[in-house]
Each structure stands twice: as C-alpha cells, then as structure tokens.
Amino acid sequence: MSTIADLSKLESDLLGEVSAAGDLVALDGVRVSALGKKGRVSELMSKLGALPPEERKSFGQAVNTVKQKVTEALDARKGILEEAALQARLSTERADITLPVRLGPQGEGRIHPVSQVMDELIEIFADLGFKVAEGPDIETDENNFDKLNIPADHPARQDHDTFYFAPKEGGERMLLRTHTSPVQIRTMMREKPPIRIIAPGRVYRCDSDQTHTPMFHQIEALVIDETTHMGHLKWTLEEMIKAFFEVDEVKMRFRASHFPFTEPSMEIDIGAEAIGKPGKWLEIGGCGMVHPNVLKNCGLDPDKYQGFAFGMGIDRMAMLKYGIPDLRAFFSGDLRWLKHYGFSMLDVPTLGGGLSG
Ligand code: DAH
C-alpha cells in the first residue's frame with residue numbers, strides 16, 4: 001500500500017474503528033493495531049525509506065497527517081468512553097447517605113453504668129462552673145486522714161476499713177484511698193482559691209456483702225472562696241439532683257451528722273419520688289462546710305477562706321437512677337449484665353441533648 005488513495009482509505013477505516021470501539025479495552029486494541037510498533041500506520045512509516053526521494057516527503061507528510069488524525073480521534077473517543085465508564089460506576093456504586101450508620105462490632109460495645117453516671121455528673125457540674133480534679137488511688141495516710149482532720153487516734157479511722165500497704169523502710173505507710181476526700185487536700189495544696197472542683201473516682205474499703213464491694217466509686221465536690229455559705233451548698237445539691245434524675249422538683253432533707261473534715265456536717269437525703277417511689281427517703285451522701293483545721297492544714301487562712309464540700313457514692317446513684325438491684329454485679333464482668341444495663345457509646349450525655357439518651 002503506497003498510494004495517497006490507499007492512505008485515505010486507511011484513514012477512514014481507522015477512524016471508523018475508533019468510533020466503533022465500545023469500551024476502553026477495544027479502543028486500546030485499535031490504538032495498538034494502528035499506532036503500535038507493528039501497527040498499520042507505523043508500518044507505513046517504516047517503509048518510507050524504500051520510496052524514491054521525490055515521493056518520500058509528500059507521502060511522509062500524508063502518513064503523518066493520518067497518524068495525527070487517528071491520534072486525535074483516539075483521544076476524543078477515550079474521553080467519551082472514560083466518562084461513560086465513570087457514570088456507569090457511579091450509578092452502580094451509589095451510596096445512600098440517608099441510611100442509618102451500620103456500626104458493626106463497635107455497636108456491640110457498651111458504656112458501663114458507672115462511666116455513664118460519671119459522665120452525666122461531670123456534664124452537670126461543668127455547666128455549674130466546676131472542673132474535674134484527680135488524685136491517685138494509692139494515697140498517703142496524711143492526705144487520706146491526717147490533713148482531713150482525722151488524726152491517728154480518731155475513731156473515724158475505724159469506720160474506714162482501710163487497706164494498708166506494708167510500710168516502706170523509713171518511708172510513709174501508703175494505703176488505698178478510702179474516699180475521694182484526699183483530692184480536696186491535693187487541690188487546696190496546689191491551687192489558690194477560688195476553687196470549684198469535682199473529683200470522681202475509685203475508692204477502696206475492706207468490706208464485702210450485697211451492698212458493699214471492696215472497690216467502689218465516689219464523687220467529691222469542693223468549693224472554696226471568701227463568701228460561699230451553706231445556702232450555696234444546698235442550692236448546688238438541689239440543682240445537681242434535679243438535673244441528674246431529670247426531674248423538675250426534688251424533695252431534700254439534711255440531717256445533722258458528723259464528719260471530721262466539715263463543720264457543720266450533714267447527711268443528704270432525697271425524697272424517693274425522684275425515682276418513682278414516693279413516701280421514702282434515700283440517703284445519697286454527706287456534706288458540710290469545710291472545717292477550719294482542714295483549711296489550715298492546706299495552708300489556707302480560715303479567717304479569710306471558707307467553703308463547702310460533699311461526697312456521694314456513684315454506684316449507688318447509678319443503682320437508684322437506672323433501677324439496678326445488685327451492687328456486686330457492677331464489677332463481675334458479666335457481658336449479659338453489661339448488655340442489659342450498659343449504654344451505647346454514641347449516647348454521649350449532654351444537658352442539651354438529654355443525659356441518659
Ligand atoms: N468522705 C466521706 C465518706 O467517704 C463522704 C463525705 C462526707 C465527703 C462529707 C465530703 C463531705 O466532702 O463534706 O464517707
């Protein structure tokens with residue numbers, strides 16, 4: 001094949017094949033058969049050398065023009081086929097983003113009621129301007145007792161059923177904290193008033209029966225400034241209890257009591273209407289005005305500073321709010337229990353969106 005007429009037939013054949021190619025694979029086949037090393041156009045090019053010099057130039061140009069046209073047609077067709085392939089994929093792989101999320105294995109996980117209640121309480125107190133403070137589970141005798149105005153011979157020490165560690169040589173005798181109150185001490189030693197903190201966490205007592213476990217949880221609150229009085233304490237507790245039990249009204253009763261670290265001291269009862277059991281009182285914790293000795297022990301001037309503190313059992317709050325009967329089941333690691341009483345990890349408690357989902 002070496003005439004211009006043959007060339008134009010080749011051109012129209014190739015352009016026809018290009019536009020007939022139904023997909024990218026077929027199109028590539030056309031490209032190879034035309035422009036590949038042994039393709040029909042390439043072969044013509046390689047034969048140029050055999051032509052007489054006077055024909056070589058014009059024929060070479062003509063072959064080049066065919067090559068160019070075919071290349072352009074291939075590119076254009078490729079664009080069209082790629083677009084068509086994309087559209088076909090999009091229509092089969094369409095994702096309906098209005099469908100609910102499929103959680104997979106994550107959906108099986110549960111938030112433990114204790115964690116849930118801690119998160120709820122943190123949310124409530126954060127809204128009242130409290131920050132979260134922490135202290136270690138392994139405490140010194142001094143922070144757990146002495147600085148809280150419970151000296152070594154104080155009878156209150158007996159109530160605490162303390163787990164002690166073997167004393168280190170010449171060192172302090174460490175213990176597992178028996179309450180969250182040492183976090184009060186740590187906070188006052190570290191920060192200057194005004195102080196407004198809560199401290200949720202684990203506590204330990206050598207005690208075990210249906211309503212007691214050797215490890216349980218408390219939440220402590222401490223407010224110290226120059227003007228805070230018992231009215232603030234009562235208001236704070238009332239707001240917290242209403243928010244926690246998600247009720248508009250709550251009956252509260254304060255019974256005179258005695259804690260070495262507060263004066264006066266009170267036990268807090270709430271009317272059980274809040275959990276749908278009218279006519280009964282439930283004890284939920286202890287509270288009082290921080291004892292001047294405690295302030296002094298932490299380097300604060302009791303003539304200048306005053307404030308309140310309270311402490312409550314978190315596990316008990318969870319039992320009351322969510323109707324969970326047996327405390328020991330909280331810590332037995334039974335997945336069926338957790339599935340029943342646990343919370344979805346997506347139900348993050350917020351005051352705006354609802355505490356308990
Ligand atoms: N620490 C006390 C306990 O474990 C509870 C408590 C009572 C904490 C009165 C306080 C408080 O902060 O003011 O029994």
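1. Which residues does aspartate 225 touch, not counting residues up to four places away in sequence? In this predicted model, the answer is Pro193, Pro194, Lys304, Tyr305 and Gln306. Aspartate 225 itself belongs to strand β5, which spans residues 215-225.

2. Staying with aspartate 225, I would look at its charge. The residue is buried but has no salt bridge. Arginine 196 is the nearest side chain of opposite charge, at 5.3 Å, and a salt bridge would need a side-chain nitrogen of Lys or Arg within 4 Å of a carboxyl oxygen. What the side chain of aspartate 225 does reach is the backbone nitrogen of threonine 227, at 3.0 Å.

3. Now the ligand. There are 15 residues around it, and those that come nearest are His179, Ser181, Arg205, Gln218 and Glu220. An N or O atom in the side chain of histidine 179 is 2.9 Å from a nitrogen atom of the ligand. For serine 181, the distance from a side-chain N or O atom to a ligand nitrogen is 3.0 Å. Glutamine 184 places a polar side-chain atom 3.1 Å from an oxygen atom of the ligand. Of the 360 Å² that the ligand exposes when taken alone, the protein buries 90%.

4. On to the salt bridges, of which the structure holds 24. One of them joins arginine 157 to aspartate 141, with the closest N and O atoms 2.7 Å apart. This pair links distant parts of the chain, 16 residues apart: arginine 157 sits in helix α7 (residues 156-159) and aspartate 141 in helix α6 (residues 141-144). Arginine 157 counts as buried because its relative accessibility is 11%, and aspartate 141 is buried too, with a relative accessible area of 11%. Both residues also belong to a network of salt bridges that links Asp141, Asp146, Arg157 and Arg173.

5. Two other pairs deserve a look for their surroundings. Glutamate 191 and arginine 190 meet through their side chains in a salt bridge of 3.4 Å, N to O. Here glutamate 191 counts as buried at 18% relative accessibility, whereas arginine 190 counts as exposed at 52%.

6. The other pair is aspartate 326 with arginine 328, a salt bridge whose closest N and O atoms are 3.6 Å apart. Aspartate 326 counts as partly exposed, at 26% relative accessibility. Arginine 328 is also partly exposed, with a relative accessible area of 42%.

Technical notes: Residues are numbered from 1 along each chain as its sequence is written. This is a predicted model: local features need pLDDT of at least 70, side-chain atom pairs count only at pLDDT 80 or more; totals for chains, interfaces and linings use all residues. Side-chain values use heavy atoms; hydrogens and water are left out. Helices (H or I, at least four residues) and strands (E, at least two) are DSSP runs, numbered from the N terminus. Buried means under 20% relative accessible area, exposed over 50%, partly exposed in between (1.4 Å probe, protein chains only). Lys and Arg count as positive and Asp and Glu as negative; His and the chain ends are not counted. A polar contact is a pair of N or O atoms within 3.5 Å; within protein, one must be able to donate a hydrogen and the other to accept it, and residues adjacent in sequence count only if both atoms are side-chain atoms. Contact means heavy atoms within 4.5 Å. A residue is near a molecule or strand if one of its heavy atoms lies within 4 Å of it. Accessible areas come from the Shrake-Rupley method with a 1.4 Å probe; for residues, only the protein chains shown count as cover.
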